[in-house]
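Please examine the sequence and the three-dimensional structure shown below. The paragraphs that follow lead through its aromatic pairs, its nonpolar cores and some details of its backbone.

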Amino acid sequence: MRRAVFDIVYGTLEQNGHSDEWFHRVAEQDSARGRNWQEKGFIRRASYGTIEQAAASDRVIDLFSKTPAARLKPAIRTILRMGIYELWYMNSVPAAATCNEMVKLAKKKNFQGLAGYVNGLLRNVARADKEELCGKVLGKCQGETEKLAFIYSVPEGLVQLLTEAYGKKTTEKILASFESENPLTIRVQTMNASASQVLDNLTKAGIQAVPCPYVSHAFRLSGVERVEELPGFAEGHFIIQDESSMLPVMVSGIRPGDSVVDVCSSPGGKALYAADLLEGTGMVSARDVSEYKLHRIRENVQRLKAENIEIKLWDGRAADPEWEERADVVIADVPCSGIGVIGRKPEIRYTAVQNAPELQRLQRNILRGSVRALRPGGTLIYSTCTVNPAENEENARWIAEEFSLRPVPLDRDLPEELKNKMTRQGMLQILPGIHEGNGFFVAKFIKLRRPM
């Protein structure tokens with residue numbers, strides 16, 4: 001199992017991969033070995049937890065090692081991170097077993113000469129009192145930013161960005177939310193089943209389903225091991241979708257008969273929500289930049305039996321001549337730094353701040369190509385899964401100025417608890433730890449009609 005954990009952690013942190021993709025890749029490879037769900041649960045918890053706590057683990061390594069974590073061989077750094085996570089967060093595993101397994105792993109990775117170093121460092125960590133050890137690390141920190149970076153295992157740059165945008169108190173709540181367990185949420189495809197029908201079927205199957213606070217036909221589930229075995233899954237009664245990502249479509253004003261373009265559509269949740277609002281009429285053009293992404297859209301569209309969706313390979317940065325000024329609604333849920341979903345994708349914390357400037361340029365280029373599809377009087381929905389003002393409010397102001405679009409207040413389509421001064425200006429910022437669900441930003445605009 002540790003070799004599987006190693007592959008996921010190493011591939012994610014040392015090869016700039018994605019934790020979910022690595023986990024599923026390893027899980028598929030291990031299926032032939034007949035791993036049970038308990039083993040897979042261990043692998044998921046150990047790998048995601050190690051990724052989440054890597055920054056804090058590196059500071060612990062620096063206390064005991066003459067060679068700083070940043071200068072260690074990547075494989076050894078990965079093994080030490082795994083060991084520290086097990087020692088501190090997986091109490092069911094005896095400390096001696098953890099140390100022995102990590103030594104074996106070092107030897108299997110052809111680092112026999114460093115096996116003693118791995119063993120010595122991890123046994124020192126195991127013998128030390130965790131609170132005293134954390135106190136030593138905090139004592140070496142210079143300033144509140146560095147302390148918060150260690151406590152929540154994030155880069156200092158992320159703490160600084162959040163503090164400047166939201167203040168220290170809110171920043172701590174956001175950072176704490178990254179370590180909270182994210183519930184599984186589903187949205188009912190009301191063309192296929194009613195919310196009450198889905199709830200009744202889940203309850204009979206022993207699944208606890210709680211209504212989501214913001215979207216009436218969505219539920220949070222607990223006690224789920226295999227989503228595909230849930231009653232109604234195969235029949236297309238619902239789709240797995242975070243509640244925050246439902247909000248862009250909920251405020252879009254899509255009506256039966258509309259033509260909708262979903263620019264960066266994979267895995268298709270927003271396109272399917274839009275199709276549901278169309279009630280079998282109109283058309284949704286769901287597009288993305290790769291066949292892999294289109295495959296994910298296609299799987300969901302086929303399972304939910306949505307016949308009013310076209311799936312198209314298209315780069316949103318380019319205008320589509322077939323859709324020039326044709327769309328009633330354009331949904332641009334663009335690639336972003338992803339700070340709002342760190343709770344689900346822990347590796348994002350390490351690259352979010354440094355990637356943001358380049359992503360902002362990409363976002364604006366996608367908007368330049370996508371707005372061309374909007375008809376006069378049509379609606380643009382701009383959204384991200386980040387809480388970075390440069391990608392959110394700053395881009396919203398740029399959109400209004402660059403394309404002469406008018407912001408549209410969101411209050412008519414939102415529950416009372418989400419309404420505020422910002423929503424009256426046509427923007428909504430969901431903050432993890434403050435609101436329910438993942439962090440998300442939505443802005444709504446209308447393209448003014450040409451003068452007569």
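Six aromatic pairs occur in the structure; rings of Phe, Tyr and Trp (its six-membered ring) pair if their centres lie within 6.5 Å, and planes under 30 degrees apart count as stacked, over 60 as edge-to-face and the rest as tilted. One of them joins Phe23 and Tyr48, which form an edge-to-face pair because their ring centres are 6.1 Å apart and their planes stand at 75°. Phe23 belongs to helix 2 and Tyr48 to helix 3, so that this pair links distant parts of the chain, 25 residues apart. Helices (H or I, at least four residues) and strands (E, at least two) are DSSP runs, numbered from the N terminus. Both Phe23 and Tyr48 are buried, where buried means under 20% relative accessible area, exposed over 50% and partly exposed in between (1.4 Å probe, protein chains only).

Another edge-to-face pair is that of Tyr382 and Phe441, with centres 6.4 Å apart and planes at 70°. Tyr382 lies in strand 9 (residues 374-384) and Phe441 in strand 12 (residues 440-447), so this pair ties together parts 59 residues apart in sequence. Tyr382 counts as buried, at 0% relative accessibility, and Phe441 is likewise buried at 0%.

The model is predicted: local features need pLDDT of at least 70, side-chain atom pairs count only at pLDDT 80 or more, and totals for chains, interfaces and linings use all residues. Residues are numbered from 1 along each chain as its sequence is written, and side-chain values use heavy atoms, with hydrogens and water left out.

The largest nonpolar core has 45 residues, of which Leu80, Trp88, Val118, Leu122 and Val125 touch the most other members. Such a core is a set of buried Ala, Val, Leu, Ile, Met, Phe, Trp, Tyr and Cys residues joined through side-chain atoms within 4.5 Å. Helix 5 gives this core its largest share, nine residues. Leaving aside residues up to four places away in sequence, Leu80 touches Ile61, Leu72, Tyr117, Val118, Leu121 and Leu122, contact meaning heavy atoms within 4.5 Å. A second, separate core of 36 residues includes Ala274, Val301, Ile309 and Ile331.

The backbone also deserves attention. Most residues other than glycine have a negative phi, and most peptide bonds are trans. Asn110, however, has a positive phi of about 65°; Asn110 counts as exposed because its relative accessibility is 61%. The peptide bond from Ser266 to Pro267 is cis, with omega near 5°, and Pro267 is found in the loop between strand 5 (259-262) and helix 13 (269-278).
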